[in-house]
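Subject: Handover of a protein model

Dear colleague,

Please find below the structure that I am handing over to you.

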Amino acid sequence: MKRALLACVLAGGIGALASPALSEVIRFEVLESVPAFQGRSFDGVGTYLRITGRATIAVDPADPRNAVIADIERAPRNAQGRVEAVADVVVLRPADPARGNGTLLVDVPNRGTKLAPQLFDDVAQPGATRAEQAADAGIGFLHRLGYSMAWIGWQADIPSEPNQLALRAPVLEGVTGPSRDEFLFDHTRNPATATLTWPIADAASLAVTVRGHWSEARQTPPDLAIRATGPRSVEITRPATGFDAAALYEVTYTAKDPIVLGLGFAATRDVAAFLRRDGSDSNPLAAQGRSTVQRAIGFGVSQSGRFLRDFLWLGFNEDMRGRMVFDGVMPHIAGGRRMATNYRFGNPGRNARHPQDPAWQADTFPFTYAAMRDPLSGRTDGILMRCRLNGTCPKVMHTDSEHEWWASRASLIVTDLAGNHIDLPPDVRAYMVAGTPHYAQPNDSVRRVPTMALPTNPMHAGPPMRALLVAMEAWIAEGVEPPASRVPMRAHGTLVEAAGAVPAGIPGLPYAAIMTGAAISDQSVLPPRLIGEYPVFVPRADADGMAIAGIRMLPLAVPRASYTGWNPRAPGFGAGTLFPLQGAVSPFAPTREARIAANDPRPSITERYADDAAYVAAVRAAADRAVAERLLLPEDAARAVERARAGTLAQLP
C-alpha cells in the first residue's frame, strides 16, 4: 500500500502518513517531485530531484521538550491532545540516493528564502530559491559533493507563498497584550507609512515617540501623530523640524491574536529528525526501508543563524526520542545575537540596528556558548547549557562577517561579561571573515548610495565558507579537527575598545569609533526600562585600516584597497551612526606621487607590486597558504588567481 502511494506521490500526488512512533511528523505530503536544474548533471553524483511538500507536526505540550514553547499551553489541540502546525518543506537530493554523501544540509530559511545556494554555490536570487534552471545551481558546489538539502518553513508570521517557506501555526484568537515596533525610514516623505508586527486590538492605544538615537530621550513634538489605516498598517505624521531621515520612531500599542511562534523550533526539530531517521515511504530521503541520511548539518544566515542559536539554547537539538538532530551547526552572521521569537507577540524579523534599541529580546544574555554568570541579571546560562545536560550538543562553527563585530556585538562570543578573554569550548570554533559586510551577493560591485558616507564593500564570503563546510563535514563524519578559530581576541591584542581601533588620517576611511553596544532592559514594562550595559569590543586594524585578525580572503591578503566591515551614515541620514549591514571600500592610490598628493599614508599599488605579474604571483602565494591552512579550497584558489590575472579580484570599479 505504501509503495503504491509513494509512486503516486512521486508522480505529483499527495503523500502519506509517517509513523508517529518514529517522529512527531504525523503527515508528510509531497506536492511535487520534479527534476531540478533542467536535468543538469553533476560530476560523480548525477542529476537532482526537487521535492516540494508539507509536513504536519503534532506536539505534546506536556513533554518538557515542548513546554519551553511560549503559550503552548494555550494553543488549541487535536483529538489526541496535541498541538498541530504545518511546515512548508523543499528537499533537493540526488536522483540516485546511493550517489549522495550521506549528509543532510538543512538551510534554515531567512524570512522564507533560501540563502545557502547564494553563499556556497555563488548563485543569485531568484535562482537560489527556485532551483529550476540549469544556472540556478551556480557553480554546483553542494551538488558535486552530493549533499541532500532541505528547507523547512519555521516562521509563522509570514505567509506561505511560491518561493517563500512558512509555518502555519495556531493563532490565539482574542488574546491581547502590549507590543511595540521601531521604524527608521531613511526618507523624508511625510506622512510615512509603516506595517506593525501584530494586528491592532485598540486604535486608541496607538502611541508614537521620536528620537535621533536610542540613547536619547523619547520626544512627542506637537506635530508628531499616528493613526491606524488598517489592521496592521499605520500612518505617522513626522515633525517638521528637528529630526532627519534616520530618526527613530517607536510605536507602542495593544496587539491581538498572537501566533505560537515557538512552534517553528519544534517544526525544524521534528521535520529534520523525520528526514534524517524515518525509513518509511513517506520520507523523500528514504530508500529500501531506511533513510539515506547518516549525518545532518544545520546552517543559517543572519536571521536564521540567530534562529539556530536559539534552537540550541532552548534545547531543540534533542529529538523526541532523545537523539541528536544536527551533528553540526553553522550559524552564519548572527553575531552575539539571538532572536525575539519564543515570546507572546514576538518579532522573528527583528534585527535592531544602530542607532536602534540594543536591549530587545533579540539581544539578551546568554551571548556565548559556554555557561557563565551574568552580573546584571544574576542568571547563569550559555547557548549550549541545555544540550550539555543530555549529550545532544553538536559541533559548532560560528562564522561572522566583520560587520557583526561592529554592529552585532560579536565580541561577546569570546569575552565574559566583564570584557575579559574566554576560551571557546573544544566543540566550538569561531571565524571572522575579515573586511566583509554583513552579506554581499555573488559578483557584487562597489556602489555609491546617498544614505551611506562611503562606497559599499562588495566582498562575498563564499570561498572561506565553502572551505569551512568541507571542514565541518570532515569533523562530524571522520573526527578530523577543523582549523583553529580565527577571530579577534582580547588575549591577542586584536580585540580592542573602539577608540583608536582604526588609524586616523586615511583618506576615504573617516573613522569615528562608531559601534553598536549591548544592553539589558526590563521587558515587563512598556517601553522597556534600561537596567545596564555590557562591554563590547571591535577588531583592531592594521596601518591600511583593515582588521588584523580573522580569515583574510585574497583581496585583503593581497590588497589593492582597504575593505572594512563598517560604513557610516551620510549627512541627513543619521550621520554619526552606522549604516546597517554595510561595509566600505577605499582604493589605494595608483602611484607614490598620487599617494603623496592625497596625503594617504597607505603604500600605493606600484609601491606594493612591481607590476601585474608580481601582483598575480603574490595572490598565488597567498592562495597556496590559505589552501594549506584549509581556509580555501584548491578550486577557489585557482579561480582567484585567474581573477587576479584579469584584474577583477579586488572588485573595484
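**Overall architecture**

The accessible surface of the protein comes to about 23,600 Å², and carbon and sulfur atoms account for 53% of that area. Please bear in mind throughout that this is a predicted model.

The chain forms 15 helices and 26 strands. Its radius of gyration is 25 Å, close to the 26 Å that the globule rule gives for 653 residues, so the protein is as compact as a globular protein of that length. Taken along the principal axes, the box filled by the C-alpha atoms is roughly 80 × 65 × 45 Å.

Of the 653 residues, 61% are buried. Where contacts join residues at least 6 apart in sequence, 72% of them link residues at least 24 apart. With regard to charge, there are 66 positive and 65 negative side chains, and the centres of these two sets lie 1 Å apart.

**An enclosed strand and its partner**

Which strand pairs with E9, and in what sense? The partner is strand E12 (residues 248–256), and the two run in the antiparallel sense, joined over 5 bridges. In one of these pairings, Arg 211 has Leu 248 of E12 as its bridge partner.

**A buried alanine**

Ala 430 belongs to strand E20, which spans residues 428–433. With a relative accessibility of 3%, Ala 430 counts as buried, because buried means under 20% relative accessible area. Leaving aside residues up to four places away in sequence, Ala 430 touches His 398, Leu 424, Ser 485, Arg 486 and Val 487. Met 324 is 106 residues from Ala 430 along the chain, and the C-alpha atoms of these two residues are separated by 22 Å.

**Backbone geometry in the loops**

Most residues other than glycine have a negative phi, and most peptide bonds are trans. Several places in this model depart from that pattern and may be of interest when you inspect the backbone.

- The bond from Asn 190 to Pro 191 is cis, with omega near 0°. Pro 191 sits in the loop that runs between strand E7 (176–183) and strand E8 (192–195).
- The bond from His 354 to Pro 355 is likewise cis, with omega near 15°. Pro 355 lies in the loop between strand E16 (328–332) and strand E17 (372–373).

Two further residues have a positive phi although neither is a glycine:

- Asp 122 has a phi of about 55° and is placed in the loop between helix H3 (116–121) and helix H4 (127–130).
- Leu 581 has a phi near 75° and is found in the loop between strand E25 (561–564) and strand E26 (584–587).

Yours sincerely

Key: Residues are numbered from 1 along each chain as its sequence is written. This is a predicted model: local features need pLDDT of at least 70, side-chain atom pairs count only at pLDDT 80 or more; totals for chains, interfaces and linings use all residues. Side-chain values use heavy atoms; hydrogens and water are left out. Helices (H or I, at least four residues) and strands (E, at least two) are DSSP runs, numbered from the N terminus. The radius of gyration is taken over C-alpha atoms; the globule rule is 2.2 Å times the number of residues to the power 0.38. Buried means under 20% relative accessible area, exposed over 50%, partly exposed in between (1.4 Å probe, protein chains only). Contact means heavy atoms within 4.5 Å. Accessible areas come from the Shrake-Rupley method with a 1.4 Å probe; for residues, only the protein chains shown count as cover. Lys and Arg count as positive and Asp and Glu as negative; His and the chain ends are not counted. The place of a charge is taken as NZ of Lys, CZ of Arg, CG of Asp or CD of Glu. Two strands pair if DSSP finds at least two bridges between them.
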